Every structure is written in C-alpha cells, then in structure tokens.
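Hi there,

Here is the structure I promised to send over. Have a look at it first, and then read on for my notes.

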Amino acid sequence: MYEWLGDSLADSGTVVTANRRLVRVLRNSYAADQLAAGEKAWRSPVIFAWQDWLVHLSNAAKDQVELPTRINTHQSQLLWERCLRKDLGDSEAGVSSLVRMARDTWQRLADWRVSIAEVARSAQNEDQRLFATVAGRYLGILQRENWVDEAGLGDLILTLITDQQIRFPGQHTFVGFDRQRPINLAVQQAMQSAGVSVAVAVEVVHNEPYSLQSFQNTTAELRSAGVWARRKLEDNPAARVAIIAGGLDSDADGISRRVREGVTPGWQHAHKSHFDAVNVSYGRRLADYPAVAVALSLLRWLVRDLPSTDVGLLLRSPLLGTANVAGRSQLELRLRQIPDRQWSPAMVGAELRGRDDSEDLSDWLAKLAALSKRRRTLPKQATPAEWAVLLHEVLQSFGWPGQGTLDSAGFQLVNRWRELLNEFARLGLVSATMPPSGAIARLDLMAAETVFQPESTTAMVQLMGALESSGAVFDAVWLTGLTTAGWPPAGTASALISRRLQEKHAMPDSTPADTMQYALDMLARLLGSSKEVVCSFAITEDDAEQTASDLLRQFPSVPGKFVEDPGWYAAGLSANATLHMVEDSVPAVTPEENISGGAGTIQRQVNNPVAAFIQGRMGARPIYPQAIGVPALMRGNLIHDALYKLYIDLPSQENLSAWRGDDLSGRIDVAVNFAFSRHEANTDAVLHQLLLLERGRVSELLRQFVVVDAARDSFQIASVEGKFEFVAGHIRMPLRFDRIDTVSDNGIAILDYKTGAKKKLLNRKSEAQEIQLFVYAAATEAPVSALALVNVDSREISFDGAGLGYTDIDAWPQLLEQVKSQIAIACEDMSGGDVRLNIEQGIDAARPLNLLTRYTEMRRDNG
C-alpha cells in the first residue's frame, strides 16, 4: 500500500512524517511487507515524526556541550505563565487558556520564521502589543539561560546543518505534510545544500469518483458509517478501513459511541474487543482517565480538604486500598447522608472510625491516618524532583492503581502517568522550589494539558480527524460531516498577530482564499486516499437545515448503494424479544428470616406489597444523593434527639407547666447541646455556621413545644425512645417508639414525632391513614388509650391522633381492633409471598422502585 516505503528506508534511509500516528502506520506496514517477503528478522525502520526527528538530530549533533538546553512543553508553559503574570498579576482567571493561545502563536511564528520584533512593529491593538511584550520577555529568558524550546528546535537544527554539526546517513524522505511550513522547507533546502538526498514521498492518488449519502441527523450518519465499515471488514477482514470525522478534539467519546453502534452493535455488554474494534485518533486528557482522576484527587487531599463527593469517590474506589470495597462502600452511603463539608483526612477518620470493622475499611483508615500525618509534616518548599518522589510514595502507600492485573491499555496509562511525574521532576530546571499547593496545582494542570491515547493492536476501524489522516492510504474511507457549514472548516488565524503581518507571510487562514484553498487541497487528498470513498452529510444539525459542501462539486461522483441507519441497538432488542411467562413465586417467610424496615414495612405491605418485599425482605435501600447544607433527615434527627434529652426525666403535664424562665432555658440548652454536639465535632466553617442557625431554630421549637404540650390534658410521660418487638406468625421485627404517656384512664398513649410535612393519623372517613402507631399498639400488651402523631415544625406544632382526647372514645376500641385486623391480614399476605404492584399509586411514589417493579410498563399495559 506504501510502495515507496521500502526504497525510502533502504541503505540507512530515514522517513520523516507530519504526525506520530503516521509513524505507527508506516512501521506496521513495513513489518507486514517484511513478513510477506518471508523475512524473519530485519533492521528496525528509522521513521520519525517531525518534532521527534528534530530532537533526534539535536541529540546526535557534535559539540553537545555548546548546545542550548532543551526545555519541554511543561517547562515552557511554566515560563510563559511567569512572563504573562508580569503584566496580568496573580489572577488565575483565564491564565491557562492565555498561555495555550500564546504558545500556539509562538509555535506558528517559529514555523513561519517571523521575528518577534516584526510582531511588535505590526501590532494593532492592546492584545497584540501585550503578546509582543510577553513573547519578547520569554525570548529574553531563553537567550539568557541558553535554553531552546520545542518551537525553536527547527531554527537550531537549521543552524547546526549550516555549521556542519549534523551528519545525515542515507536518504531522507518526507511524507504527510498537507501544508509545508517555511521552517520545513528551509531545513530540507539546507540538507540538500549539505549534500543530503532529500525526497518527498510520491503518494498514490486514486482518482476514483466518490458516492454521496445524506442522513436525517449526525447520529444516523455516524451509525451508518459504522455499519458500512463492518460490512467492508466482513468482505475483507484485512482491509484498511477509516472513518473521517470532525469534532474529535471536543467530543471523541460521543462520536466513537455512535460509530461503534454500527461497527459492533451491543459493544457496551460484549467483550472488550468489541470496544477496541474502533480506534480513535484523538485521545483524552490524562486527567479524565478514572485511574488518574482518583490519583489526583488523593494527592489534592495532601494540601486541602475535599468535599464529600470527592471523599466518597476515594472511599468506594477499588484503585485504592484493598480490592474488596464492600465495607467502604457501605460507609460511603452513610457519608452521603451527612451534610456536605470540606473534609480533612483526620475528620474522615474520626467520623468513620468504629462504624464498621470490615478488613477493607480498617486497612483504608490506617492509610488515611498515615496520610494525615504526612500532611502535617509536608515541607513548606521542595524541589519538583523531591515532590515527584513524595507524591509517588503517597500513591504507593494507598496501593494505587489497585490490586487487579492491568490490561494493555491500563499498563500504558500507568506508564504515561509515571512519565508525567518524571516530566514534573524536570521542572526544576525552570523552578527551583515549589510550595505544596503549587506543586499539586502544577501536576493537576500538566495532567489536564496532556492528551493520551493507548496504542491498540486489535483495532479494525480507524476513526480519525482529517489532519490525523495526512499521508495515510486506505482500502476504503468514509468522510462524514461534509456540509456547507462544516466544510471548509473555520479558519484559525491568530488573534495575537496583526492580520496584515499574517497575510505578508502567507500564514494559515490569513485570508479567506487561503482557508478555502487549504480545505480544497485537503479534500482532494482525502478523496484520493482510497479506491472507494463515501462522503456523507446530515440534513439537519442543531435544528438547522444543511446541504452538501459546494467543494464536492469539483470532484467526480457516482451513485452509491445507500447504507441504512441501523438505529440504536438496544431499541431493537425489545422489538425482537419474545416474552415468556415464568412461574416464579416468592417464598414464604421463614422463622429465621430477618425483616427490616419496622412498621414502615407493614405500611408498605398495605399500600404497595411489592415495595414491602423489595425493601423489607430483600433489604434494598435507595442510594441518596449527597446531602447539602442541613438536610431534612438530619433536621429531624436533631429534633428527636433534643426532645429525648429534654424529656429524659419523664416529666408530667404538671411538671411541664411549672417550667419557666431560666429553668426552661437551661433545660433547652442542655437538650440542644446533647443533640448537636456529635454533629459539630467534624465540621468546616460553613457547616458550623449553618448548625449555629439550626441551633437557634431548634431551641425556639423546643420552647414552643413545651408550651403546647403543657396545655394538653393531664399525662405522665412513661418512656422515651423505647423498644417493642412485633410478632405475627413468622414475622418478627424490632420497633422503636419516640414516646409513651400514661393518661387519665391509666391506659397509655403512644406518640410519634413527625418533623417533615404535616401528617394525619386518620383520613376524612376516620380510617387509619398511617398505620405505624397501630403496629406499635399491636406490639404491646398494655391497654392503649390513644395514638397520636406529633407534627413538629416551625410553622405549627400540633397533635393529630385517635382515642382518648382526640376522637370519640366509645368508637376507639372498635377502630383499634379493625386496624389490628388489617395489620394481621397484611402480615399473612407478606408471609405468603404477596408481591402485588399497586397500579393506582402515583408516579412520584412509584419512581424510586420503578426499575424493579416495571410500574410504567404495567400501568401502560393495564390501560
């Protein structure tokens, strides 16, 4: 396929490509050619990407001592930041993007051999003048320190060639340069002047006509391209098939997912090879890989406290600590219910210690204690190399990246992370020391700026951008996104250089005509890269109608066989599935079975039996989102705890009436301190302030509560926060009540505090609406004279009940027995395996268990 390659590499020849992807393609092609020729061993081909070739030449030059020291991308970035801050101050806003823009412009100036003095003379606005000033400052540092950055390597090599400091073995062939930069041409000319044989690869250009296809939207277009690629491979498994798509730099994941829907439908639940079948040319930021994101989050904990969501991620991650995370995951669920705050390692250890004795949690807490100690002893300043060693040790102490065996991609990722730490260590050339926070922030930025893509040996389809495909040839290629709006692509002229200067030097996109011509040349190259080319476009994109690019009219076309959009694979499963009724009854409750949920489980059995089975018998629990501020559950617990402490001495109604002034205030203070003390132990400044406000609210509620309680008929509090055991056949469950009073007829009144929305014990028909208290009544042998829900809210404190003091006392015994009978029937149904679904419940009530109960489908099927 690359007929010129063998001759170019013969006699110690070298091939220089426009990008690293083409290097891999040519090396693989050369190896395949050697195997096809019957060779069993051969000399490794000398193939470099342009920038790597420049580095290679500088390393091979004579008189290395006299050469400037080469600085890498991250060292250069740090220098640019310092130069910019001279004019912008210490503000962090937008600095990273400004540095990126300045470095890109600096590279372009070097490629087109434009001096910074000329940039300064032609500057036409404040931004351009600022760039000229900052770039001049940056250049001054390079010259003073005898450093050279990546942008300056081309000029350095040009000088070394002229001075005969570099020896070139064999012919040098250049390939894949869509746009020849002046620095490329100058180096090639200098080589020729030095007697080096220089050639440009004569690429095979196919002049076959293309076929054009249109689709309703981009998603359909990409899925169809995937189907087409799969069929090509089915016809010829060895075919080199490529799909060219724009936007991979911003949405590589979304684009690749849609292509995989056509190439390997069902890839989400299939073997990893189905995912790897599509190789994407554009990688992801290193910081976006889960393993690296976890590592960075842990390292940030060295220098600052983390929010609950980040701590939760570390807790449940199998990449840290032991592979078994069951105990840690349980506590992570508990952490979600604790108000969000900024956690230090010590705070988390204090909060979680003693909550669970699982091996994985004990191991993790020990590591956390070591991290907390290390955090206290961090040096105030250290060299980048010292920080690199320390950060590596922290990750090692937590067992990162986990105990599992790494696959090829994981192994490459870990190696790239270690390379990044080495690059960080080399920052010492431009920054002697760093504080802890500065070191972590710098490593964070480096990981965010580094793009990584693991090499794949199993990919069958290449998904790449137009630039990445330069120099490559294929057996079949599909070009997507060829709309009038999308092709030619928008120009990228620099905003930091005057347009007049860019036009003078014919820099990229300096004029609309340049942008148009470059797009036309690139399209011609893409259309000529294969014997079979399919072009496509979406009829609508972002709700706007689209047409095919006008540039396509300049090339011959033929009608092609339409490739139909396969749609989403998952959607087709339901249409093709055959439903089979399976007799699968729920087992009866056994004497040894533990049923959770207390009286709430029986309430669910009455309202929606399947919910009682899922939550009471299976033990399923909702996964709560992270609590923010002082959540409702915590507010309720604070009030319950405060009322428990306030009434722990079991006062009577007469005693409550006597509580006044300082006596009442003192009792309330004790109760509030009891309720709040454990929650205030590990708080940050924000949560501490919120709890102070909540203290005031709860104190006022208790004061109002005592007034309302004392105004009721005579009672004596008999017990607070006590326990019952409910027994009905094989069903046994522990119950916990809030309060029991002894009332005037020597019976008891069972009270339950409600701190959320106001609730009523009975409905308008005097039927039980909330049966929790009736379950309590069924669990005790004492005569129950009344049941009451006590609504405790800032807007209203009220008692809503049945029996003595609330409803007709003569009708009370009959109501109590009726509800007890209803409870007994519910327990019999539960014991027998009743899992009926209440179709009449509302959407909101059904939503938490909808995935398990299929409520939506059942409701639809039942009309």
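This is a predicted model: local features need pLDDT of at least 70, side-chain atom pairs count only at pLDDT 80 or more; totals for chains, interfaces and linings use all residues.

The buried residues are Pro609, Val610, Ala611, Ala612, Ile614, Gln615, Gly616 and Arg617. They pack against three helices, namely H24 (599-607), H31 (812-831) and H33 (850-853).

Four strands make up an open sheet in the order S2-S1-S5-S6, with parallel pairing. Strand S2 (46-49) and strand S6 (198-200) are the edge strands, each pairing on one side only. On average, neighbouring strands of this sheet are turned by 25° against each other, ignoring direction. Within the sheet, strand S1 (residues 14-17) runs parallel to strand S5 (residues 172-175), and four bridges join them. One detail to find on screen is Val16, whose bridge partner in S5 is Phe174. Helix H2 (residues 20-36) packs on the sheet and touches S1, S2 and S5, with its direction at about 160° to that of S2. Helix H3 (residues 50-60) also packs on the sheet, touching S1, S2 and S5, and its direction makes about 115° with that of S2.

Then there is Ser8, which sits in helix H1 (residues 5-9). With 5% relative accessibility, Ser8 counts as buried, because the cut-off for that is under 20%. Its side chain makes a polar contact of 3.3 Å with the side chain of Thr173. Leaving out residues up to four places away in sequence, Ser8 touches Gly13, Thr14, Val15, Gln171 and Thr173.

Finally, the nonpolar cores. The largest has 83 residues, and Trp301 and Trp417 have the most contacts inside it. A second, separate core has 37 residues, including Val175, Ala242, Met464 and Met522. Beyond its neighbours within four places in sequence, Trp301 is in contact with several residues, among them Leu306, Trp343, Pro345, Trp364 and Arg375.

Best wishes

Technical notes
Residues are numbered from 1 along each chain as its sequence is written. Side-chain values use heavy atoms; hydrogens and water are left out. Buried means under 20% relative accessible area, exposed over 50%, partly exposed in between (1.4 Å probe, protein chains only). Helices (H or I, at least four residues) and strands (E, at least two) are DSSP runs, numbered from the N terminus. Contact means heavy atoms within 4.5 Å. A polar contact is a pair of N or O atoms within 3.5 Å; within protein, one must be able to donate a hydrogen and the other to accept it, and residues adjacent in sequence count only if both atoms are side-chain atoms. A nonpolar core is a set of buried Ala, Val, Leu, Ile, Met, Phe, Trp, Tyr and Cys residues joined through side-chain atoms within 4.5 Å. Two strands pair if DSSP finds at least two bridges between them. Axes are lines fitted to C-alpha atoms, for helices over the stretch in contact, and angles run from 0 to 180 degrees between N-to-C directions.
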